[in-house]
Amino acid sequence: MTDIDGTSPPYLRNRYAIAGIGETTYQRGYAPGEEHTTRSLATWAVGNAMADAGITAADVDGMLSYSGNDSTFSPFVAGDLGIRLNFYMDCFGGGSSTEALIGIAMGVIEAGMCDTVAVFRSMNGFSQVRIGGTGARAAAPVSGDALHGRAYGWGSAGQMFAPTFMRHMYEYGTTPEQVAHVKVAHSKHASNNPKAFYNQRVTVDDVVSSRMVCKPLHLLDCCVETDNATCVIVTSAERARDMRQPLVTIRSVVGRCSKPRLDMHYQHGPITRVAGYYAKDILWPNAGVGPDEIDITGSYDAFTFTTMLQLEEYGFCAKGEGGGYVSSGIIELGGARPNNTSGGHLCEGYTHGMSMVIENVRQLRHDIDDSCPAGPDGRRVHTYDYAEGGCRQVRNPELTANLGWAMPATGSALVMQKGW
Amino acid sequence: MSTMPQGTHLGMPVSIDDLDLENLAYFRSCAEGVFRLQRGRRSGLLRYPPTTACPWTGDREYDWVEVEPRGAVYSYAEVHHAIQPSFREHTPYLVLLVELDTQRGEPSEHEALRIIGNLVTADGELAPPEVVAQVGIGTRVRMVFNPASDEIAIPQWTIDETAEQPVPWRYPE
């Protein structure tokens, strides 16, 4: 399947690294007295990422964040942690921002603007601002361009994406049961992830018999909105080599690559086509590898369908065969190319993509935080027994691919490698 | 001082800023009972929704042109869990993506004018469940207008009773 010229221009291939990763807990709501603002969550996650990298406030001089007017800003987080910034930017955006901002971080470091960038996303996605526009915002007046959307009760992500999902079923014969396997696989992974919010395994029948939210999406086809912050620290591979963790480098990055007419992409078909159709032609040549060489995928699972659509568009299977691919066992731990081994947004928690990059960094470090026992050196000894409650480390992965999703018309992607 | 046109649609306050000439013209035309789209002067192509330039040429000059508002359902969402209060008593409701007969497959194979709207009855009420259950990909529909005020009407879709109807494709039950 792979048709990649390994001698193609490598740009900054393997020159930059993810040197630190940090998370908070994944929760839906807080116990009294244990609440957090998004500022508090962000400080917690960025601090964890610095500790993970083995660096201090003096070693971080850049900061990037993304939000949809639902979060805190870099100056507060840097100030709280005693970080003096040479660069910061707080960007508008949700899903697919993670990979794009990692690329921006590489660019600003390459330009000499700073040395080390903490990229964070902090959200009270359950307790404060829910993505679907629920609560007080549900009754907000409808004005201007929104008259072509919310005036029709067409505004949440599931409602907006449903015509793409439905048309895929119509054109390719994709079935609800095939797509449900994405949730089944991710729930298996989450059952081996002690920090996952939902860690019970589910069956195809559980998914297709759960209540219908917006056809073709059942409740269990949709991700879980949670309260959390996440952070990755980007720096040069040279610097990262001297930090605490095994080196994980970036081979290729694509940011917010889009279809034509992204204002209303349904005008420019095929509507079953998603942005990966365009992004793959940047991702694979710059990485110098193709889908066949990838050991683990992180295809964004806002919905079961989004995982499937991106895997086929990036060439892990032929267009239209995503239903067969995701229901074949390939995407499960123990399969040929597991997807979202943390349980992803469907099970672990909703982070707008950052947690899926964090998980793949852990996989490439060979240091997954499952329940495997620690050896004499304090590091876990992985068993590769993927039974419930067991291991979720993939055996010696070398390459991962994250496929970030904002909407059918926009996506980002990232190929990471163990070492350099 | 704003003279922003305002109205009420399904109990929701709706408005258009008086700076927003494109949306004002679009919805005012709907209030007159005529469906008009912008046609770029350079490209001669119609476009939806209203935009500030021609997506094919970048041309900012255009004319509003009356368009026959008939077509077939291209895809849809069937909402069972409404988020907005105005829709809660109407579930399940359909959001239809309707491909117009006009300019279908132009200027390239997969392009078309695909217009969003709810499935409504001929008199503009959100369709009841037994009507929702009849409609799917392929259903022929025509436009009706829901007045929100004297100046704003929301275009909607109803089953075209004059058309020969194919057996529509629906989500498998």
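Predicted model: local features only at pLDDT ≥ 70, side-chain atom pairs only at ≥ 80, totals over all residues.
**View 1. Where chain A meets chain B.** Count the residues at this contact and you get 39 from chain A and 38 from chain B. Sorted by class, the side of chain A that touches chain B holds 21 nonpolar, 13 polar and 5 charged residues.

**View 2. Strand pairing across the two chains.** Here strand 6 of chain A runs antiparallel to strand 6 of chain B (residues 70-79), and the pair is joined over 2 bridges. To find one end of a bridge, look for A:C214; its bridge partner in strand 6 of chain B is B:V79.

**View 3. The surroundings of A:L414.** This leucine sits in strand 12 of chain A, which covers residues 410-418. A:L414 counts as buried because it has 28 C-beta neighbours inside 10 Å, and the cut-off for buried is 20 or more. Skip the neighbours within four places in sequence, and A:L414 is in contact with A:E99, A:I102, A:I250, A:V253, A:V357 and A:N402. For a sense of scale, pick out A:M354 as well: A:M354 and A:L414 are 60 residues apart along the chain, and their C-alpha atoms are separated by 12 Å.

Conventions. Residues numbered from 1 in each chain as written. Chains lettered and ligands numbered in written order. Contact = placed C-beta atoms within 7 Å. Nonpolar A, V, L, I, M, F, W, Y, C, P; charged D, E, K, R; others polar. Pairing = 2+ DSSP bridges. Helix = DSSP H or I, 4+ residues; strand = E, 2+ residues; numbered from the N terminus. Buried ≥ 20, exposed ≤ 12 C-beta atoms within 10 Å, placed from the backbone.
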